[in-house]
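Hi everyone, thanks for coming.

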Protein chains: 4
Amino acid sequence: MIRFNCDYGEGAHPRILARLQETNFVQTPGYGEDEYCREAAEMIRSLCESPEVDVHFLMGGTQANLTVLSAALRPWQGVVSADTGHIAVHETGSIEACGHKVLCIPHANGKLRAEDVEALCRAHYADASFEHMVMPGAVYISNPSELGTIYTLAELSALRKVCDEYHMLLFLDGARLGYGLASPENDLTLPFIAQTADVFYIGGTKQGALFGEAVVIRNAALKRDFRYQIKQRGGMLAKGRLLGIQFAELLRDGLYFDLSRHAVSLAMQIKAALQESGYEFLIDSPTNQQFPIFTDEQLSRLSESYAFSYQCRVDAKRSAVRICTSWATRAEDVERLISDIRRG
Amino acid sequence: MIRFNCDYGEGAHPRILARLQETNFVQTPGYGEDEYCREAAEMIRSLCESPEVDVHFLMGGTQANLTVLSAALRPWQGVVSADTGHIAVHETGSIEACGHKVLCIPHANGKLRAEDVEALCRAHYADASFEHMVMPGAVYISNPSELGTIYTLAELSALRKVCDEYHMLLFLDGARLGYGLASPENDLTLPFIAQTADVFYIGGTKQGALFGEAVVIRNAALKRDFRYQIKQRGGMLAKGRLLGIQFAELLRDGLYFDLSRHAVSLAMQIKAALQESGYEFLIDSPTNQQFPIFTDEQLSRLSESYAFSYQCRVDAKRSAVRICTSWATRAEDVERLISDIRRG
Amino acid sequence: MIRFNCDYGEGAHPRILARLQETNFVQTPGYGEDEYCREAAEMIRSLCESPEVDVHFLMGGTQANLTVLSAALRPWQGVVSADTGHIAVHETGSIEACGHKVLCIPHANGKLRAEDVEALCRAHYADASFEHMVMPGAVYISNPSELGTIYTLAELSALRKVCDEYHMLLFLDGARLGYGLASPENDLTLPFIAQTADVFYIGGTKQGALFGEAVVIRNAALKRDFRYQIKQRGGMLAKGRLLGIQFAELLRDGLYFDLSRHAVSLAMQIKAALQESGYEFLIDSPTNQQFPIFTDEQLSRLSESYAFSYQCRVDAKRSAVRICTSWATRAEDVERLISDIRRG
Amino acid sequence: MIRFNCDYGEGAHPRILARLQETNFVQTPGYGEDEYCREAAEMIRSLCESPEVDVHFLMGGTQANLTVLSAALRPWQGVVSADTGHIAVHETGSIEACGHKVLCIPHANGKLRAEDVEALCRAHYADASFEHMVMPGAVYISNPSELGTIYTLAELSALRKVCDEYHMLLFLDGARLGYGLASPENDLTLPFIAQTADVFYIGGTKQGALFGEAVVIRNAALKRDFRYQIKQRGGMLAKGRLLGIQFAELLRDGLYFDLSRHAVSLAMQIKAALQESGYEFLIDSPTNQQFPIFTDEQLSRLSESYAFSYQCRVDAKRSAVRICTSWATRAEDVERLISDIRRG
């Protein structure tokens, strides 16, 4: 059984394990106040060309999302999200558990359109009963989205403009950010994201680390007291060094970007093979997640050798699945999958 | 200016004010532990033919909704509601502020259909990632609905069945319950509701009281410690007697039902006049809220003499408004409105 | 049985009932956006000599406390309170239910001393693990305190200074504010309180209204969006007019202050009689709550005719009780109590 | 600089790193549903001689505490804790952020006494206003306590009895459980703890793992839906295998207990040296945390070579510090410290 069901099926890039071993008996202060975290934060500020941003290392995506949003929102504010957004669907109501409504907008190719966000905000403030409704206080997007699609520079700029107009924070969930930046269709850069979002994170868990997300904060109000919030929400790792060590190693010599390109390049091979074989897709994704549509027979046969993520039923005979490549995907496994796909 | 914009534009039925005056200097214990509350609770148990239910008096609808639901749900559970539900739209995220997601389903004539609730629950438990999603823990309906429509006995029974199947509580918001029971199309009774819902309330605020909702609990687990929750959420009125006095007076000699019939009967006159004059409606409502569609010109002219609630734009030239009658609506005001409607 | 157990045992001052009757059929907008609320707010701004403050009317003390504090605090902040504070003891954890710790300091005569608050704050920021502890974000006091004692102008100024130094809001719970201002030992004024506290309230429930507290906000950040928070926490009364009508009537012609003086004057008579008869007190209170110590026999005998609030056991043979007078206390009942006290 | 300031200053036991490397490219399902987690859970059930318990792996102590307690408590319930308890002091109000009050009792040698818990519960239910106060719903203890002391079998049994009497859950925080069990004064066993507490955890972070706590649940109601709560609170690690791998390795061949004995044995050597040299202690601790009292001069001199945790000032000239040994402490470092202590 070869697993293409997700991008967190293996451990970590060997360089990370080696570095953990190398530093294992160095004694450091706890809670992220060590040299490794400082080094990794400095590397991120440098890659973002943003010396003024704060960097905090958290353990996972749900934790990053709830910690950021509970710090960003006032009690009566909610966060605008695509109805497919991870916080809207797959985090067991973690944002609501912190007291905030997720204000859903139907997605457009997995993404949130600035014009739809603008319409929601306009309608809110135009309503005579606006105080009886949740105030939009932040906008949450993920890049790539849950459906693998990516925001263009123009789209991100348009969202920024709406956020400015309606005094909302812009938060970009970058659990798979590397895979987005490595897409052939990408026109974003880390410095642009760092200057456009109030807060975003660079994912580690799905990008070659054992675990970890690096939260980057530009917004001054959000920077203030953020470590209190990390601690309160259970996200302050005692051995915080583990996060600093991992991110420093991932970012050294561009490893993070190499691994991202590796995954996307393999995904593009699978996509091309599927297209050539005439398969349809649920959505046209330019990143490491592909959503082909198989007949029940095809799926049943492929499932003997491969694990995919079941996405949804498309019609009486066909379903969409998610095929994920990752930093760890082996070229020979992709080749085998491609040849099985071609075989029909 | 005659107000038809809501059913809480006046004070209270004169008998209530008289009774408040009469009892004003009687000394009682606080927090609802007085004779008046006991009397009113007994009257409600008797009307519901349910000697086993607990009755608590709260001050308003939002308060009742958030107090009941925060007591009813475990942290990871949400409440299923029509997307038009008051808790979903018009309570500034009060349920989320208590930590719970409102799981919205598109409404069917303002109502929640048992089959849609069933589909949501089935999908939840069928999903491999069900633990990553909010568990449906209760079903919230209001009768009449936000759009004035009412549940039939069959519909309520069907919802009960789904709730039983998926271990959910059924909660009926009865802020306008009297207006529902007084509808010519109604086939529900208080005893049936009391035996079918785990918890519901009999609205006072919109039905002739100064304020107040009588929460009726049948579910044993929910009964337990409920007064703690009332106190914690700010709903335990120091002079709780005010609620007991009002409900006892409202329910004495069937006043509550007389007032409800009065309002619905006037609403039916308005509806008939509108129909005769060829107006369309946003929805066909058999209760005290009517939702006719007016052209901009018609609305502008009527608005010189009458206050309505603006509902929504229907097309380039027309909007729907809400016309509300209430226990306090005067027949002569309705006659005047009808004649103005007929004049076009 | 004559009740001296609390100051909310009767209804409301007759002028309030009369005014409710008089205005009963006037139609108004809901949710506090009516003329009566505007009038009452204007009267309060005028009495406070503070045209810039915002005034909101809420239904009760717990509701006012939780609404104000949940709007005032960031998630990782707590509120400093005397360990006898109402929010610390008698609101079923309502502040914690909003996510915030109550940081308790042992009381000094029922009050919070500026030096103790300062010490707590200093210790917080001096601790190397400060981010692992709840940040003090506001100071809660009540005047009079739970034990009937009152703050002097100097004490309140000292608390203000500490709040400024440590960036905390100062919140004064004035559920019995009138009884404090009417004390022979009082040196505070409404204008001084309005200029010193970030937010406070003028109690109605215990001071002659059916219910209601008038929240006065000076702090600009707290003013912002406060009505959203009122709605979310269940405190936005549909017929908000009821609060405006009551406060306008209470404040007209100084009725509020007359009623307060009435209660305190009767309490002073009881206190004097107790002192003359040689009774000890749990605390020396200059307001409408008195805390004499009775032997079990005395208490048992008095309890045949009077209801007191049981406070605590003092020693093997004696207990302290609370005797409350109020706006509604009758002189003849006080005389009877005094003569029974003298009889021993 | 040699660090004795905490027991989480290094990485992990080499066997853990080796095992992570060995398993690195094995593909597994995510979220703790892998073979390694199953194996580790089975080992724990076996060590606890409790085949019926559920085992969940979380990332850290604060996360474990807030996840367990938010699942265990109803909204109006609080958790009883010693005033020195970690949840009461050092988790930035994480329990309050979940809506629950921590009901503090003054500690007795760092521990909670059954009689004090009983008194608190008795007083709660005896108070006429009990519904206005937070209901005690669970008891939180840690073993060893924050001050290094341990519960005896008799003490734990007594707490269990109080919990049964007042329908409270008993929760034991075992972040340093191994160090407690390895104490020369210990009379507890894992099976006894597993049968006595409703829920407890076996700490990994401070006991040789990179991170991780193994939560063991005996209480049937708490077992139900617990994974939803883990996910909601941000504690469901994508690569859950990392936790299973670590615990399986720690528990294999008794490594966990060997490491614990190593740390405690070194701590006892330091304790003996301090005692022989005439130093006083803040408390008499039989585990890996020692709290000697040094003069300012002594502390200043030792601090040139060693890092301790500053505990508190004892008098004008002396302070208490915490000296921690751990699984990673080197015998030669302890010898050096001892000789420096002896030198005065």
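In chain A, strand β6 (residues 169–173) runs parallel to β7 and is joined to it by two bridges; strands here are DSSP runs (E, at least two residues), numbered from the N terminus, and two of them pair if DSSP finds at least two bridges between them. Before going on, a word on the source: this is a predicted model, where local features need pLDDT of at least 70, side-chain atom pairs count only at pLDDT 80 or more, and totals for chains, interfaces and linings use all residues. Residues are numbered from 1 along each chain as its sequence is written, chains are lettered from A and ligands numbered from 1 in the order written, and side-chain values use heavy atoms, leaving out hydrogens and water.

Back to β7(A): A:Phe171 stands opposite its A:Val199. With β8(A) (residues 213–217), β7(A) pairs in the antiparallel sense over five bridges, and there A:Ile202 stands opposite A:Ala214.

Which way do the residues of β7(A) point? A:Val199, A:Tyr201 and A:Gly203 point one way, A:Phe200 and A:Ile202 the other, and all are buried, meaning under 20% relative accessible area with a 1.4 Å probe, protein chains only. In a regular strand, side chains alternate between the two faces of the sheet.

Now the meeting of chains: 22 residues of chain C are in contact (heavy atoms within 4.5 Å) with 22 residues of chain A. How many salt bridges are there between chain C and chain A? The count is two, each a side-chain nitrogen of Lys or Arg within 4 Å of a carboxyl oxygen of Asp or Glu. C:Glu131 and A:Arg227 meet in a salt bridge, at 2.7 Å from N to O.

Technical notes:
Buried means under 20% relative accessible area, exposed over 50%, partly exposed in between (1.4 Å probe, protein chains only). Helices (H or I, at least four residues) and strands (E, at least two) are DSSP runs, numbered from the N terminus.
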